[in-house]
Amino acid sequence: MKNKLINGIGLVVGLLVVCVPMFAHHGGSDYDVQHPISLKGTVTEFFWSNPHCQVFLDVKDDSNKVVNWTIETLAPAVLRRAGWSRETLHSGDHITITFVPSKKGTPVGMLRKVLLPSGEELSGGALGEQPPQ
Amino acid sequence: MRKSFLGPAIALATALAFLAVARAQTDHSGAAKTNARNAAFDPRDFTGIWNPAPFMQPKGEVNPLDLGGHPNPLPPFTPAGEATYLANAKFIAAGAVLDCDPFGVSRNFFTPRPFEILLTRDRLVQHFEYYDNWREIWTDGRKFPAEVDPEYMGYSIGHWDGDTFVVDSALYNGKAFLTWQGFPISESMHQTERWRRVDPETLKILFTFNDPVNYAKPWSVTFFWKLRKDWVMDAHPCTLSAIKEYDERVNHADKLPGRDYGNPDKK
């Protein structure tokens with residue numbers, strides 16, 4: 001079911017090189033970090049809070065059914081250093097969001113990056129220093 | 001005759017000066033970076049904000065920041081230590097790791113967030129951004145006190161060995177994890193750290209963990225941090241209301257049980 005949903009409305013973006021270690025309050029290995037996906041949707045809520053912020057967005061699947069996804073982010077401090085603020089997203093914004101999905105098949109994921117309505121792209125931030133490219 | 005010599009000489013000098021200025025203005029990368037690395041710094045001054053650089057850890061050591069659930073290699077557990085680790089790992093996998101208890105020293109070090117160093121007359125103070133934990137390292141020559149209760153953050157004393165700052169810490173209460181993976185820590189833990197600024201931008205710390213309850217022998221980890229002169233510390237306090245809300249919104253949405261709030265003593 002989840003695969004149908006993703007195939008119908010999303011873009012499989014393939015293997016992104018992500019240098020951020022898994023660091024959520026989930027069980028550490030509950031996200032499929034090797035297979036990020038991108039979805040287009042409408043923000044229903046942007047919850048700016050510790051320990052992790054959350055983006056909720058409505059996405060239509062291939063049968064036109066609306067699914068509300070929960071995409072958690074890293075902490076506000078990490079997002080701020082990546083250029084975010086609590087005003088970055090608002091209900092009604094049409095965005096493209098890239099995340100690593102839950103392995104359980106639930107509409108839950110961990111943010112990697114977002115394409116804002118303005119065309120600006122913001123990363124989900126970095127944990128610790130990254131190796132020189 | 002004299003006039004005819006002076007003219008070309010002035011022109012030549014002007015051209016050389018111009019070339020030198022032009023080169024200095026365009027050489028932003030190589031020489032400038034080398035100069036930054038070699039800039040004079042006080043090897044005994046640790047003040048500032050330090051961000052962890054996990055990629056610099058030597059290969060083959062226990063990775064204290066591998067959060068994928070498969071830290072490899074594992075520390076040299078005792079049978080009791082391994083059993084505690086496996087129980088902790090199961091607890092973490094359930095998403096039940098959320099609480100506001102202080103992290104203890106090592107788990108704070110191995111959280112991928114910055115800490116700030118402040119110096120006072122008799123202490124070096126560490127402020128860890130994540131969950132707003134504080135640590136004091138006494139530098140006034142004192143020994144471990146006889147009458148101090150064990151605590152999450154233990155008790156730390158430091159002294160200099162040349163330009164290496166040596167920290168001994170003990171008096172831990174054994175209730176924290178050593179790392180996010182759930183490596184255990186007991187009241188027997190004696191932790192030593194050897195801090196050294198290897199260049200103006202890099203702090204290297206060699207940790208040695210000696211906890212005979214959980215580990216068959218002392219084991220070590222080398223970890224690095226980078227100085228972030230352009231950063232300020234951000235607010236990240238832990239509040240039970242916020243993590244409970246996170247549990248409801250994220251963990252439960254992903255069918256994870258999260259924490260048992262009916263039993264606040266559950267770890």
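This is a predicted model: local features need pLDDT of at least 70, side-chain atom pairs count only at pLDDT 80 or more; totals for chains, interfaces and linings use all residues.
## Chain A

Residues are numbered from 1 along each chain as its sequence is written, and chains are lettered from A and ligands numbered from 1 in the order in which they are written.

Chain A contains two helices and seven strands, taken as DSSP runs (H or I of at least four residues for helices, E of at least two for strands) and numbered from the N terminus. Their order from the N terminus is α-β-β-β-β-α-β-β-β. Of the chain A contacts (C-beta atoms, placed from the backbone, within 7 Å) between residues at least 6 apart in sequence, 60% join residues at least 24 apart.

## Nonpolar cores

A nonpolar core is a set of buried Ala, Val, Leu, Ile, Met, Phe, Trp, Tyr and Cys residues joined through C-beta atoms within 7 Å. The largest has 38 residues, and Phe177(B), Ile185(B) and Leu203(B) have the most contacts inside it. Two or more residues each come from helix H4 (105–109) and strands E3 (123–128), E6 (164–170), E8 (202–210) and E9 (219–227) of chain B. E9(B) gives the largest share, five residues.

Leaving out residues up to four places away in sequence, Ile185(B) touches Gly104(B), Tyr172(B), Gly174(B), Ala176(B), Phe177(B), Leu178(B), Asp211(B) and Asn214(B). A second, separate core has 17 residues, including Val55(A), Leu89(A), Met110(A) and Val114(A).

## Helix H5 of chain B

In helix H5 (residues 240–251) of chain B, the buried residues are Ile243(B), Tyr246(B), Asp247(B), Val250(B) and Asn251(B). Viewed down the axis of H5(B), they fall within an arc of 105°, so they line one face of the helix; the arc is that of the directions from the helix axis to the C-beta atoms. An α-helix has 3.6 residues a turn, so residues three or four places apart point the same way.

Ser241(B) and Glu248(B), on the other side of H5(B), are exposed. The cover over the buried residues of H5(B) includes strands E3 (54–60), E4 (66–72) and E6 (108–115) of chain A.

## Strand pairing in chain B

Strands E1 (residues 48–52) and E2 (residues 115–119) of chain B pair in the antiparallel sense over three bridges, where pairing requires that DSSP finds at least two bridges. E1(B) is also joined to E9(B) by three bridges, and these strands run antiparallel. Trp50(B) has Phe115(B) as its bridge partner in E2(B) and stands opposite Leu227(B) in E9(B).

Key: A residue is buried if 20 or more other C-beta atoms lie within 10 Å of its own, exposed if 12 or fewer, and partly exposed in between; C-beta atoms are placed from the backbone. Two residues are in contact if their C-beta atoms, placed from the backbone, lie within 7 Å.
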